[in-house]
Amino acid sequence: MKQDRQKMNENEEQIYRSIQNDPYISQQELAEIVGLSRPAVANLISGLMRKGWILGKGYILNEENRIICIGGANVDRKFYLKEAVQLGTSNPVHSTQGAGGVARNVAENLGRLGRKTVLMTVAGMDADWEAIKRASERYMDLDYVATFSGMATGSYTAVLEENGNLHVALADMDAYDELTPEVLAKNEALLVNAGAIVADLNCPQETICYLKAMSNEAGVPLILVPVSSPKMQRLPENLDGVSWLICNRDESETYLKMKIETETDWKLAAQKWLDLGIQNVVVTNGKDGAIAGNAEEGILYEPAIVVRNIQDVTGAGDAFCSAVIHAWLSGRSLRDIVRAGSINAAKTLMSESTVRQDLSAAKLKQELEELK
C-alpha cells in the first residue's frame with residue numbers, strides 16, 4: 001500500500017471494505033449498507049478514486065444510465081414581503097437562501113426520485129459555490145462541474161408577495177457564458193453513454209447545438225428546458241431529433257411568433273412544435289394546466305391541480321419537468337407523464353423549499369395512483 005494515499009474517513013472506509021468483499025457491488029447496494037443516498041455514495045467513490053484507493057474497476061461498469069443535467073446552478077435568495085410592496089422605499093421582508101438553478105433543481109428532483117444524476121455546470125471558486133455543493137452533493141454527482149477563479153457563481157434573487165406569487169426576480173447568469181462546447185467536450189465519453197441529457201437554456205446556443213448534434217449521433221435522448229422567454233432564441237434552428245421540449249405558454253408564443261389565447265391556439269402551438277421535429281412536447285399554462293403531444297398518442301389536455309395555499313412558486317416548473325422526465329423514463333403513458341409533472345409541481349407550490357423535501361419515487365407513484 002502506497003504511503004502517499006490520503007486517509008479515508010469512516011464512510012469511505014466502509015465503502016472501500018464493501019467493494020473489497022464484492023468488486024461488482026452496485027452503488028445502490030452500497031447506499032443501503034452505508035445508510036446514504038446513491039448520489040452521496042457516488043461522490044464518496046469519486047473521492048476514493050482521487051485519493052488513489054480505487055482504480056475504477058467492477059462497479060463503474062453499471063453507470064451507463066446516468067442522467068446528465070447541464071445548465072444553471074445558482075444560489076437562490078428569496079425575500080418574502082410582509083405587506084404590499086411600496087416602490088421607492090424600504091419594504092419589510094423575511095429572507096431565505098438556498099441552492100437553485102434549473103439544471104441543478106432538476107438534478108436534485110431526479111436524485112430524490114432515485115435516478116442516477118450528474119450535474120454539469122460552471123461556477124466560481126467562491127462561498128456561493130461551496131454552499132451549492134453542500135446542498136447538492138447528496139443527490140447528484142458533482143465531479144464534472146468546471147470551476148473558474150475570478151468568476152461569480154450564478155445567483156437568483158426573488159421577491160415574493162404575501163400570497164407566494166413572484167413580484168420581481170433578478171438573475172446574475174453571466175457565468176454560464178463559459179459553459180461552452182469545449183468545456184463539455186472534455187467529458188464527451190460520459191455524455192455519449194448517458195441514459196438521457198437534460199439541458200436548460202442558460203447554456204449558450206452553440207452549446208445547445210453541440211449537444212443536439214452529439215446526442216443525435218450517439219442515440220442519447222435530449223430534453224430541453226427553457227429558462228425564460230428571452231432565452232428561447234438559444235434553441236437550435238433545426239429541432240429534429242430533440243426528444244422532449246418542456247416549455248410554457250409565454251416561451252411558446254415568443255419562439256413560434258403567435259398568440260395563445262384559446263385552447264385551439266394552445267393545441268396548435270403543440271402541433272407546431274411537433275412539426276418542427278420535437279418528438280414529445282409539453283406546453284404549460286400555470287393554473288390552466290398543460291397540453292402535451294407526440295406522434296403516437298396525439299395531443300391531449302391535462303388540467304392543473306388546484307393549490308389553495310401556495311407557499312412559494314420558485315422551483316415548481318423544475319419540479320414539473322423532473323417528474324415528466326422520470327415518468328417518461330419509467331415507460332408511462334403521455335397522460336400519466338403530464339399528471340406526474342402536475343402532481344410534483346403542485347406539491348412543490350405547497351412547500352417553502354425549491355425542491356420538496358418529501359419527494360421519492362414511491363411517494364410520487366402513490367400520489368399519481370391517488371389522482372386517478
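Predicted model: local features only at pLDDT ≥ 70, side-chain atom pairs only at ≥ 80, totals over all residues.
1. Is Glu302 buried or exposed? Glu302 is buried, because its relative accessible area is 7%. Here buried means under 20% relative accessible area, exposed means over 50%, and partly exposed lies in between, with a 1.4 Å probe and protein chains only. Glu302 sits in strand S14. Beyond residues up to four places away in sequence, Glu302 touches Gly289, Ala290, Arg335, Val338, Arg339 and Ser342. Contact means heavy atoms within 4.5 Å.

2. Residues are numbered from 1 along each chain as its sequence is written, and side-chain values use heavy atoms, with hydrogens and water left out.

3. Helix H8 covers residues 205-218. Helices (H or I, at least four residues) and strands (E, at least two) are DSSP runs, numbered from the N terminus. At 1.5 Å a residue, the 14 residues of H8 should span 20 Å, and the end C-alpha atoms are 20 Å apart, which agrees. The expected span is 1.5 Å times one less than the number of residues. Just after H8, Gly219 takes a positive phi of about 75°.

4. The buried residues of H8 are Thr207, Ile208, Tyr210, Leu211, Lys212, Met214 and Ser215. An α-helix has 3.6 residues a turn, so residues three or four places apart point the same way. The partners of the buried H8 residues are strand S1 (67-70), helix H6 (181-185), helix H7 (188-192), strand S9 (196-200) and strand S10 (222-225).

5. Helix H11 (residues 316-329) packs against helix H12 (residues 334-349) at an angle of about 145°, and their axes are 7 Å apart. Axes are lines fitted to C-alpha atoms, for helices over the stretch in contact, and angles run from 0 to 180 degrees between N-to-C directions. The crossing of H11 and H12 is right-handed. A crossing is left-handed if the near helix is turned anticlockwise from the far one by less than a right angle, and right-handed if clockwise.

6. Which residues of H11 and H12 meet? From H11 come Ala316, Ala319, Phe320, Ala323, Val324, Ala327 and Trp328. From H12 come Ile337, Val338, Ala340, Gly341, Ser342, Asn344, Ala345, Thr348 and Leu349. The contact residues divide into 12 nonpolar, 4 polar and no charged. Ala, Val, Leu, Ile, Met, Phe, Trp, Tyr, Cys and Pro count as nonpolar, Asp, Glu, Lys and Arg as charged, and the others, Gly among them, as polar.

7. Also in helix H12 is Asp336. Asp336 counts as buried, at 9% relative accessibility. Leaving aside neighbours within four places in sequence, Asp336 is in contact with Leu368 and Lys372.

8. The aromatic pairs number 3. Rings of Phe, Tyr and Trp (its six-membered ring) pair if their centres lie within 6.5 Å; planes under 30 degrees apart count as stacked, over 60 as edge-to-face and the rest as tilted. Tyr255 and Trp273 are stacked, at 5.0 Å centre to centre and 25° between the planes. Tyr255 belongs to helix H9 (residues 249-256) and Trp273 to helix H10 (residues 263-275), 18 residues apart. Tyr255 is partly exposed at 22% relative accessibility, whereas Trp273 is buried at 0%.

9. Trp266 and Tyr301 form an edge-to-face pair, 5.7 Å centre to centre with 70° between the planes. Trp266 lies in helix H10 and Tyr301 in strand S14 (residues 298-302), so the pair ties together parts 35 residues apart in sequence. Trp266 is buried at 6%; Tyr301 is partly exposed at 28%.

10. Lys257 deserves a look. Lys257 lies in the loop between H9 and H10. Lys257 has a positive phi of about 55° although it is not a glycine. Lys257 is exposed, with a relative accessible area of 74%.

11. Pro39 is in helix H3 (residues 38-51) and is buried at 3% relative accessible area. Pro39 touches Glu137, Arg138, Tyr139 and Met140, not counting residues up to four places away in sequence. The C-alpha atoms of Pro39 and Gly111 are separated by 7.0 Å, though the two are 72 residues apart along the chain.
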